[in-house]
Amino acid sequence: MRRSQRNTLTQANHIALPDYDEVCLVLQGGGALGSYQAGVFEGLGEVGVEPTWTSGISIGALNTAIIAGNAPENRVAALRGFWNTICQPADLIGHVGAFLPAAFGFANLGRKFSSMWAAARALTEGQKGFFSPRVQVPGLVPNTKSKRPSEVSYYDTSALRSTLLQFADFDRINDGAMRVSVGAVNVRTGNLVYFDNTKTRLRPEHFMASGALPPGFPAVEIDGEFYWDGGLVSNTPLTEIIRESQHRDTLVFQVDLWSARGTLPGDFLDVSERTKDIQYSSRTRAITDFVSHNQKHARLIKELLEHVPEKVRRSHPLLREAQKVADGGAVNVVHLIYKNKFFEGHYKDYEFSNDTMDEHWASGLEDIRRSFGHPEWFEIPSHDLGFVTHDVHRYEPAPKPTAEMPKAASKKLDDVDVAEGV
């Protein structure tokens with residue numbers, strides 16, 4: 001059954017999408033920023049959009065497991081349970097550090113301190129249900145080189161397996177209607193591979209491997225091979241979606257956690273943050289550029305074939321192959337891109353406080369709601385055009401500064417990410 005047939009108007013706020021062959025949710029890696037993706041998914045559920053295919057890298061893979069591993073009506077609650085488990089409330093120092101500056105009129109300074117303190121706690125204490133520091137630090141103790149790859153890391157992630165089993169039904173992941181793909185890097189070969197529930201039976205280890213970012217997290221063993229975080233090669237699985245949907249009309253909700261555009265760094269900590277933004281967002285820009293060029297070439301081939309007699313097109317094997325390229329499907333990418341908060345720094349991907357998690361979640365929900373305010377974006381593109389992208393930050397003006405978003409930290413959204421990924 002195709003997507004539009006399943007999307008019935010059972011509630012007043014539901015929408016009926018056009019008759020796409022695939023509706024894909026693509027979730028980028030980004031650690032603690034991943035609750036933004038959960039907010040986006042909540043917004044999809046509000047209007048009755050259910051992806052037919054979800055693909056993720058790193059934290060995006062963990063969110064994928066929770067989404068695919070639950071019945072549609074339980075997915076948002078399961079995501080909330082997962083994020084409430086791996087995040088932590090502020091301790092006494094965090095509370096005092098936020099309260100005292102605010103009491104003297106420096107609320108922004110207090111928010112920055114509480115965020116930095118939460119990140120420092122993650123480094124020293126780990127995160128409940130996710131990772132914990134190893135007693136012995138690899139490289140500083142004898143015989144480290146004799147250890148297995150799954151033991152060489154600063155943190156132990158064994159708790160994550162239990163958390164995934166708590167919030168995701170892996171029988172549903174493997175037997176359900178939703179296609180699932182998660183990317184990881186084979187440590188031995190250096191190749192990016194995708195574990196897909198249409199080709200193999202997925203276990204918690206496949207999702208953990210996708211998020212095993214070294215040297216913090218250990219490689220994960222699967223069938224005798226060891227795997228690291230897929231973001232080492234490509235932080236977005238959009239390529240996999242496009243490659244397998246060449247002759248299908250495809251709607252993609254691409255949820256990125258790193259913004260390619262940003263401000264010039266003023267110190268070494270800013271340099272560290274800006275480096276991460278560029279490193280982990282650049283693949284999205286390269287991929288969308290590549291797809292756009294391919295669509296232009298397909299249009300050119302189609303126009304050339306119109307000058308070849310139909311009998312010749314059908315009889316010549318090379319022309320038949322060219323016809324397949326020219327008859328590719330249309331791809332519509334609705335791009336959701338997380339925008340940095342004023343209080344965040346280079347540590348934003350490992351700042352797992354409950355307060356920040358809630359803010360990320362709210363940002364994702366707001367962005368997807370604003371996107372659905374443009375119903376024309378969701379029409380199937382003309383096959384002559386072939387590939388289009390939409391980004392709410394590209395078209396809408398920035399909201400007015402509020403107490404939570406000071407004027408100095410706000411910026412005109414029209415001036416940023418004018419072609420973020422295109």
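Predicted model: local features only at pLDDT ≥ 70, side-chain atom pairs only at ≥ 80, totals over all residues.

Student: Which residues of α6 are buried?

Tutor: G110, R111, S114, S115, A118, A119, R121 and A122.

Student: Why would residues three or four places apart point the same way?

Tutor: Because an α-helix has 3.6 residues a turn.

Student: OK, and what do the buried residues of α6 pack against?

Tutor: They pack against α5 (92-103), β4 (155-156) and α14.

Student: R111 was on that buried list. Which ring does R111 lie over?

Tutor: The face of F343, at 3.8 Å from the ring centre. There's also R179, whose charged end sits over the ring of W53, 4.0 Å from its centre.

Student: Switching to ring pairs: how many aromatic pairs are in the whole structure?

Tutor: A search finds 17. One of them is F130 with F217, a tilted pair at 5.7 Å centre to centre and 50° between the planes.

Student: Where do those two sit in the chain?

Tutor: They are 87 residues apart, so to speak in distant parts of the chain. F130 is in the loop between α6 (107-125) and β3 (132-133), and F217 is in the loop between α9 (204-210) and β7 (220-222).

Student: Is F130 buried or exposed?

Tutor: Buried, at 6% relative accessibility. F217 is buried as well, with a relative accessible area of 15%.

Student: What about F253 and F372, why is that pair tilted?

Tutor: Their centres are 6.1 Å apart and their planes are at 55°, so the pair counts as tilted. This pair links distant parts of the chain, with F253 in strand β9 (residues 250-256) and F372 in helix α14 (residues 354-372), 119 residues apart. F253 is buried at 1%, and F372 is buried at 15%.

Student: Which residues do ring pairs link into a cluster?

Tutor: F130, F131, Y155, F217 and F352.

Student: Last one, T163. Where is it found?

Tutor: T163 is in helix α7 (residues 158-167), and it counts as buried at 4% relative accessibility. Leaving aside neighbours within four places in sequence, T163 is in contact with F82, T85, I86 and G129.

Methods
Residues numbered from 1 in each chain as written. Heavy atoms only, no water. Helix = DSSP H or I, 4+ residues; strand = E, 2+ residues; numbered from the N terminus. Buried < 20%, exposed > 50% of the residue type's maximum accessible area, 1.4 Å probe, protein only. Contact = heavy atoms within 4.5 Å. Phe/Tyr/Trp six-rings, centres within 6.5 Å; stacked < 30°, edge-to-face > 60°. Lys NZ or Arg CZ within 6 Å of the ring centre and 35° of its normal.
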